[in-house]
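Hi everyone, thanks for coming. Please have the sequence and the 3D view open while I talk, and we'll walk through the fold together.

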Amino acid sequence: MKTAGYNKSDTATGNESQTIMSDLIPPPIRVGAVSYLNSKPLIEDLEDLADNAELMLDYPSLLADDLAAGRIDVGLVPSIEVIRNPDYEVISNACVATQGPVLSVKMYSRVPLGEIKRLALDMGSRTSATLVRIMLAEQYGVFPEVEPLPIEQTIEATEADAILLIGDRAIHTPETKFVATWDLGEEWLRWTGLPFVFAMWAVRRDQETGNLDTALCRARDKGVAMLDEIARREAPKLGIDVAVAESYLKNNLSFYLGPAECCGLRLFQELAIKTGLAPEGVPLVFRNCISAG
């Protein structure tokens with residue numbers, strides 16, 4: 001780190017010197033990322049690529065709480081949080097998106113879709129929880145009561161008519177038989193013809209981040225070039241075949257926030273406002289995201 005204009009005094013004691021140096025060293029930028037497989041390509045060697053970054057992993061909904069409370073400085077948060085919070089900016093064109101079936105966001109229904117009266121929502125989710133309610137309202141005129149499904153509980157723990165699961169546990173096919181299954185990425189594409197963005201790197205507007213925006217893109221690019229290796233490394237931890245993990249990362253996900261993804265994001269915002277699940281008047285602000293224009 002450069003400390004231009006500073007010369008340590010010959011008479012400074014050891015303690016004084018340490019105090020001066022600690023004042024010059026900025027605190028680490030606390031970066032929160034999702035712990036799911038779908039986010040691993042976005043954080044490959046991130047701490048090495050970013051100056052002064054400290055990485056921590058958690059569930060999407062908890063990261064959203066941490067960013068709002070100031071416990072982290074930058075977070076890979078559910079896209080609905082950026083749509084709801086006027087204080088957030090998108091800091092990178094690295095994201096978690098899909099252009100079709102996503103595999104890791106599914107709703108399982110025990111009754112025909114038009115008859116859903118009670119919906120259990122994975123507590124790790126906020127974007128997907130909003131999306132499934134929008135789609136049920138718009139396509140079936142259904143506005144079910146909702147209840148939380150704790151992250152540690154299985155489908156069998158609830159008697160709700162339908163259950164939304166996200167992340168790694170949604171990749172596993174449940175043994176229970178259901179009347180209908182929705183892959184939300186697939187249904188969104190069929191309905192709108194657009195990609196869907198599940199999570200983005202967000203920062204509070206007054207937060208300085210140094211070169212982090214560049215580092216996030218470099219980490220994403222490195223991760224995308226290493227999808228096979230990431231799949232081999234992570235699949236055993238999740239109890240899934242390496243081939244399934246490889247196909248998921250390569251064929252079900254997209255990690256670039258481009259013009260089509262932004263169109264899908266803006267439509268999601270419009271529909272969330274329409275159904276009363278997001279406030280009006282919140283602009284989507286992209287900091288240093290040229291391709292997101």
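**A walk through the fold**

Let's begin with some rings: Trp188, Trp191, Phe196, Phe198 and Phe268 are linked into a cluster by ring pairs. Before we go on, please keep in mind that this is a predicted model. In total, the structure holds seven aromatic pairs. Take one of them, tryptophan 188 with phenylalanine 196: their ring centres are 5.1 Å apart and their planes meet at 70°, and an angle over 60 degrees counts as edge-to-face, so that is what we call this pair. Are these two residues, tryptophan 188 and phenylalanine 196, buried or exposed? Both are buried.

Now let's zoom out to the chain. There are 293 residues, and 53% of them count as buried. The secondary structure comes to 11 helices and 11 strands. If you take the contacts with a separation of 6 or more, 81% of them come from residues 24 or more positions apart.

In what order do its strands lie? The order is S7-S6-S8-S5-S9, in an open sheet with mixed pairing. At the edges stand S7, residues 145-149, and S9, residues 180-183; each has a single partner strand, so one side of each has no neighbour in the sheet. From one strand to the next, the twist averages 20°.

Let's look at one pairing inside that sheet. Strand S5, residues 105-109, and strand S8, residues 162-166, run antiparallel and are joined by five bridges. Along this pairing, tyrosine 108 of the chain stands opposite isoleucine 163 in S8.

Helices pack here too. Helix H7, residues 184-192, packs on the sheet and touches S5, S8 and S9, with its direction at about 75° to that of S9. Helix H5, residues 127-140, lies across S5, S6, S7, S8 and S9, and runs at about 155° to S6.

One last stop, helix H3, which covers residues 60-69. Which of the residues of H3 are buried? They are Pro60, Ser61, Leu63, Ala64, Asp66 and Leu67. As background, an α-helix has 3.6 residues a turn, so residues three or four places apart point the same way. After H3 comes glycine 70, with a positive phi near 80°.

That's my tour, and I'm happy to take questions.

Definitions and conventions. Residues numbered from 1 in each chain as written. Predicted model: local features only at pLDDT ≥ 70, side-chain atom pairs only at ≥ 80, totals over all residues. Heavy atoms only, no water. Phe/Tyr/Trp six-rings, centres within 6.5 Å; stacked < 30°, edge-to-face > 60°. Buried < 20%, exposed > 50% of the residue type's maximum accessible area, 1.4 Å probe, protein only. Helix = DSSP H or I, 4+ residues; strand = E, 2+ residues; numbered from the N terminus. Contact = heavy atoms within 4.5 Å. Pairing = 2+ DSSP bridges. Axes fitted to C-alpha atoms, helices over the stretch in contact; angles between N-to-C directions.
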